[in-house]
Amino acid sequence: MQKLLKLFDSSPQGTIFTNHLDLIIRWNPAAEAIFGIPSQEALGRKLSDIIAKQGMGIIDRWEKGLEESDFHLLGEIVSRSGERHLIEFIISHGVDEHGDGFKIVFANDISHHWFRNGQLQKVVSLETTINIVNTILQVTMQDTAFKQKLEMVLDLILTIPRLKILPMGAILLAGKNPFHLKLKVHKGLTMEHVEACSIVPENTCYCGKAAAEERVTYEGNFLLPPGWDDAPCRKLYPEAVHYSVPIKSSFRLMGVLVLFLERPLTKDHPEIETMMALANILSGVIEREELLREQEDLITHLKGVNTSLQDEKKFSESVISSLIIGLLILDPTEKIIACNPTGRQILSKFFPVELEGKTISEIVGEELAEAFLGNQVAIAQDTAPRKSVNFISPTGEIRLIEYISFPRWDSAGNSLGTIICFTDITEADRLHKKLEKMNRFSTIAEIASAVAHEVRNPLAGIKALAQGVEAGLDPQDNKREPLGRISKQVDRLNTLLSDFFTYARPPKPRKKLIDLTEIIENVTHLIHSRAQKINVSIKNMLPLALPEVSVDAHQMQQVFLNIFLNALDALNGPGTIEITAEETALNPGNYSRERFPGINEEEPLLALKISDSGPGIAPEILENLFEPFFTTKTTGSGLGLSIVLRIMKGHQANIYVESIVNQGSNFFLFFKIDQSLK
Ligand SMILES: Nc1ncnc2c1ncn2[C@@H]1O[C@H](COP(=O)(O)OP(=O)(O)OP(=O)(O)O)[C@@H](O)[C@H]1O
Ligand SMILES: [Mg+2]
């Protein structure tokens with residue numbers, strides 16, 4: 001693209017780019033020369049304003065023409081210094097990488113052609129000649145194919161009566177590298193001639209000499225190089241005088257006009273001037289063709305660049321939108337230009353506002369914006385220091401967001417703004433902490449179980465001593481009461497220790513096939529009096545026959561007891577505890593993997609549900625429920641549910657909790673049903 005823009009700048013024709021609002025975004029030196037307006041002044045102005053001011057009555061045609069897709073317009077422009085330029089405008093439309101329209105305006109200064117015409121008319125002043133010359137000029141401006149145009153001009157030149165030209169001639173065009181002349185159009189030449197002169201090397205024959213020396217040559221003023229004295233054109237027309245007229249532009253040689261006159265002209269004959277003026281007209285035709293071709297190439301190239309830019313843009317867009325990290329793209333003024341869908345999803349919860357066009361601090365606040373932009377690293381650096389911050393939603397939800405930002409540069413090294421990458425690491429962080437905690441716990445559990453083992457013996461000693469002393473006391477002795485309390489506290493410590501052992505080193509389950517109904521009934525029996533005290537009704541809704549499952553009865557008792565005790569603790573007053581069960585196969589819709597991750601949908605399972613109408617469990621507590629030592633109670637050890645989980649895992653059984661605050665909690669327990677037993 002840079003290369004392309006350089007090409008525009010060095011183009012000999014005025015080249016102007018305007019954006020979709022008609023504002024000038026590029027204005028090359030040739031445009032400066034035509035309008036007399038320096039680039040820095042033109043940029044940002046409306047092109048139609050300039051045309052209205054400096055164009056000689058062309059604004060109406062200009063504005064009307066702009067509605068067409070590609071249009072040509074011939075008009076006069078008066079530059080600031082008062083010079084008049086005859087300009088041929090060619091305007092082409094395109095679409096940029098953002099989908100906005102833009103225009104390229106080529107302003108081709110053809111004043112010099114008209115100047116040459118004037119010269120020609122002065123020299124060839126006969127009326128018919130003037131008519132012919134005018135026709136030639138009209139032809140040069142026509143929108144016909146190049147070769148056809150050259151043929152028409154050659155035809156017209158051959159009809160100029162004053163020159164006494166024979167009805168034959170040719171136009172040869174200069175090739176580029178290696179230099180040679182190519183016969184482009186001809187009239188009245190024999191096939192032999194056409195063949196012989198189809199390519200003429202530089203400096204050979206009359207045409208080659210005229211091209212090399214850039215002056216008119218003919219047989220009388222020229223000696224051909226050795227080997228060329230029998231030049232085909234000379235041999236072919238012995239009665240004609242062969243004139244070769246160089247066709248030159250202000251920059252370079254473009255070709256040679258070949259004419260055959262009846263008689264040789266004297267060196268300063270005015271007709272030589274006429275021939276040169278005709279060659280000048282031809283140079284205008286060729287130059288215009290070259291410019292048109294250059295324009296076409298540039299437009300095609302530009303359109304190609306745009307298409308590949310658009311393709312590239314689409315590709316990057318699809319990559320960006322499929323990223324699972326959020327991206328915010330800022331311009332150098334810290335305004336948000338774009339945000340990918342993940343970014344929008346993360347931000348919308350915390351900053352539910354339109355992002356585009358606002359600055360980053362308008363969205364996230366000054367402090368956060370500063371933090372985001374402050375953590376900037378060069379893109380090449382691969383070990384970027386990531387930072388994180390808490391986002392708090394209007395509903396009070398807290399999420400941990402990690403971020404990092406990178407500067408954006410264009411290909412020329414100019415700053416384009418910043419890219420901020422951010423991602424919600426709440427879950428990952430929680431998992432990480434949990435893992436850390438688990439590691440810590442397993443070490444603590446190892447040490448603690450060793451200590452607990454040592455504590456057990458002295459505890460037994462304390463209890464035996466206390467009981468021994470108590471036994472020797474008088475029934476009314478008031479020391480009995482504190483001694484009794486010592487024994488009770490020792491009992492409490494012992495329960496805690498055995499709980500702890502169960503957690504730290506759970507015994508291997510001794511499984512037997514049993515109907516869980518029996519165990520549940522035992523446990524309800526155990527808690528019955530406590531439930532009655534606080535007015536909790538226990539509803540056993542188990543079906544009459546449950547499929548038998550393979551479990552350790554003692555461990556299962558612990559499981560249910562813990563769950564029931566927790567429910568009673570949670571209720572702490574009137575309410576219900578309900579126990580239901582069903583085979584998952586009877587109601588598969590209720591037991592999807594989505595709802596209970598980790599269960600095998602294909603496998604026949606027994607699902608047990610223990611519900612309480614207690615206060616429910618808040619989401620942040622729910623996450624920690626099964627962790628050892630997690631408790632919300634002043635007297636709880638927080639081991640109950642962690643033991644439940646360990647036992648269940650030891651049975652390859654699963655447990656899940658669903659709870660709604662103020663409505664109650666449901667504990668789901670899944671056990672494998674052995675099909676062979678059914
Ligand atoms: N049915 C329930 N309703 C409400 N909260 C519950 C329920 N079951 C458990 N919890 C919560 O889970 C926490 C952990 O329970 P867990 O059984 O592991 O320990 P605990 O009951 O606090 O102590 P421990 O069981 O060791 O005496 C409880 O402190 C309580 O906050
Ligand atoms: Mg408990």
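Author: In this predicted model, Ala, Val, Leu, Ile, Met, Phe, Trp, Tyr, Cys and Pro count as nonpolar, Asp, Glu, Lys and Arg as charged, and the others, Gly among them, as polar.

Reader: How many nonpolar, polar and charged residues does the shell around ligand 1 have?

Author: The shell is made up of 21 residues around ligand 1. Asn566, Ala570, Thr631, Gly636 and Gly640 are the ones that come nearest. Divided by class, the shell holds 8 nonpolar, 11 polar and 2 charged residues.

Reader: Which helix gives the largest share of the shell around ligand 1?

Author: Two helices, H19 (553–571) and H21 (640–650), each supply at least two residues of this shell. The largest share amounts to 4 residues, and its source is H19.

Reader: At what angle do H18 and H19 pack, and how far apart are their axes?

Author: Two packed helices are described by the angle between their axes and the distance between the axes. Helix H18 spans residues 516–533, and its crossing with H19 is right-handed. For this pair the angle is about 40 degrees and the axes lie 9 Å apart.

Reader: How do the residues of the contact of H18 with H19 divide into nonpolar, polar and charged?

Author: On the H18 side the contact includes Leu516, Ile519, Ile520, Asn522 and Arg530. H19 contributes, among others, Met556, Gln557, Phe560, Phe564 and Leu568. The residues of this contact divide into 14 nonpolar, 2 polar and 1 charged.

Reader: Which strands are the edge strands of the open sheet of 5 strands?

Author: The strands follow the order E2-E1-E5-E4-E3, with antiparallel pairing. From one strand to the next, the twist averages 25 degrees. Two strands pair on one side only, and these edge strands are E2 (24–27) and E3 (71–78).

Reader: Which residue in E2 stands opposite isoleucine 16?

Author: Strand E1 covers residues 14–18 and pairs with E2 in the antiparallel sense. There are 3 bridges in this pairing. The residue of E2 that stands opposite isoleucine 16 is tryptophan 27.

Conventions
Residues are numbered from 1 along each chain as its sequence is written. Chains are lettered from A and ligands numbered from 1 in the order in which they are written. This is a predicted model: local features need pLDDT of at least 70, side-chain atom pairs count only at pLDDT 80 or more; totals for chains, interfaces and linings use all residues. Two strands pair if DSSP finds at least two bridges between them. Axes are lines fitted to C-alpha atoms, for helices over the stretch in contact, and angles run from 0 to 180 degrees between N-to-C directions. A residue is near a molecule or strand if its C-beta atom, placed from the backbone, lies within 6 Å of it. A crossing is left-handed if the near helix is turned anticlockwise from the far one by less than a right angle, and right-handed if clockwise. Two residues are in contact if their C-beta atoms, placed from the backbone, lie within 7 Å.
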